Amino acid sequence: MRIVDLHDRLIGAYLAMPIHGDGGKLMLGAGTRLTRSLIKTLRARGYTKVVVKKSLMPDSVPDHPISYQTRVQTETALEEAANRLLAGRSPDLKRVLEAVDAIIANLWANSGMSSGIVSIQSYDGNTYTHSINVCILSISIGHCLGWRLEDLRELGTAALLHDIGKILIPLDLLNKAGPLTAEEHGLMRTHCEKGWKLLSECFNTGGYIARGALEHHERLDGSGYPKGLTENMISDIGKITAVADVYDAMTADRPHRKAIFPETVYNHMVQHKGVLFDSAAVDALLSKVALYPTGTLLSLWGGYIAVVTAQDPRSNLRPLVRIVGGPGASKPIDVELYSRPDIKIDCLLSNYLPDSHRMAAGTLHDIPLDSDT
Ligand SMILES: [Fe+2]
């Protein structure tokens, strides 16, 4: 199986994993044959990727750091919190905390926190998916930095609600496919203070939850927003959620661009650590996150096509892969990339057909570095 973009060329392909809709209801079961109208419906619901079956592919299952049940529980808690806030009522903090506790328990059980590497994948572009990923990454960073369980719960809650101010931003602006105008940028940036205000008014928790919302776009050198705070003025929660937010935003598809090549994101974060981002948080993230989640399709130098079959604890940049096509490759070959430094990863093959659009490795010259635009 492999993770691919939701594209018309998938007509006739079979789903390898089920797709669930609003409230966790089963929408399409594993084995469903995709039709043009099903693809159109999925796209209309915000899905950008699916997992499909392919006979040549190994029988590996994409990693999920948290269970489907926990994901639904968390999405429900977030949706309830958003609806209550929009109605001028306080969210039920207990429900949110229960969801954070379930995420921590899942991460522990799935080895993401104990020793392994955390794989995150975005199958759709909705804010809840991003919020849950930022929560998972923030908790993983905090754990790597030796935070105590109680502190991880606070960090996870702040991370989960970091973008809550977006409920007050017009939907057409959030989903705009093209670049934003200066005025739209300005409006988008208000989500930090809007989130801070919403959360400070509701929670009597010493402000830690609200600081995630307020500070996740601040940068150590003062170039961030909304206040242009510098290193010593930004809380630890603000520093960690900033790193998690940028990483998830850059590695996911956005309305106006494809996901950025993972090694390019890696290099960007290394290059800017200590300047824009907290060094310890960047190091912790990059030691834990799977740059190439299991199921990702890769093009290797030399024209070989490979699928990631498992993570290698020795390096999150060099997973185990199976070569399934290329010059002279008449049968699948399993390779440990860590042991073969001569084999370079060229690009991600996110579309179904090898000769279609490729997300090439490259620079960030024309890609806005603001995670919300
Ligand atoms: Fe944000």
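## Pairing of strand E5

E5 and strand E9 (residues 345-348) pair in the antiparallel sense over three bridges; strands (E, at least two residues) are DSSP runs, numbered from the N terminus, and two strands pair if DSSP finds at least two bridges between them. Leu298 has Leu348 of E9 as its bridge partner. This is a predicted model, in which local features need pLDDT of at least 70, side-chain atom pairs count only at pLDDT 80 or more, and totals for chains, interfaces and linings use all residues. Residues are numbered from 1 along each chain as its sequence is written.

E5 (residues 297-300) is also joined to strand E6 (residues 304-312), antiparallel, by four bridges, and Leu297 stands opposite Val307 there. Three residues lie between the strands of this hairpin, where Gly302 takes a positive phi near 100°.

## Helix H3

Helix H3 covers residues 93-109; helices are DSSP runs (H or I) of at least four residues. Its buried residues are Val96, Ala99, Val100, Ile103, Ile104, Asn106 and Leu107 (buried: 20 or more other C-beta atoms, placed from the backbone, within 10 Å of the residue's own). Seen down the axis of H3, they fall within an arc of 165°, so they line one face of the helix; the arc is that of the directions from the helix axis to the C-beta atoms.

## The largest core

The largest nonpolar core has 69 residues, and Ile103 is among those with the most contacts inside it. Such a core is a set of buried Ala, Val, Leu, Ile, Met, Phe, Trp, Tyr and Cys residues joined through C-beta atoms within 7 Å. Helix H10 (residues 236-251) gives the most, nine residues.

Technical notes: Expected span 1.5 Å × (residues − 1). Buried ≥ 20, exposed ≤ 12 C-beta atoms within 10 Å, placed from the backbone.
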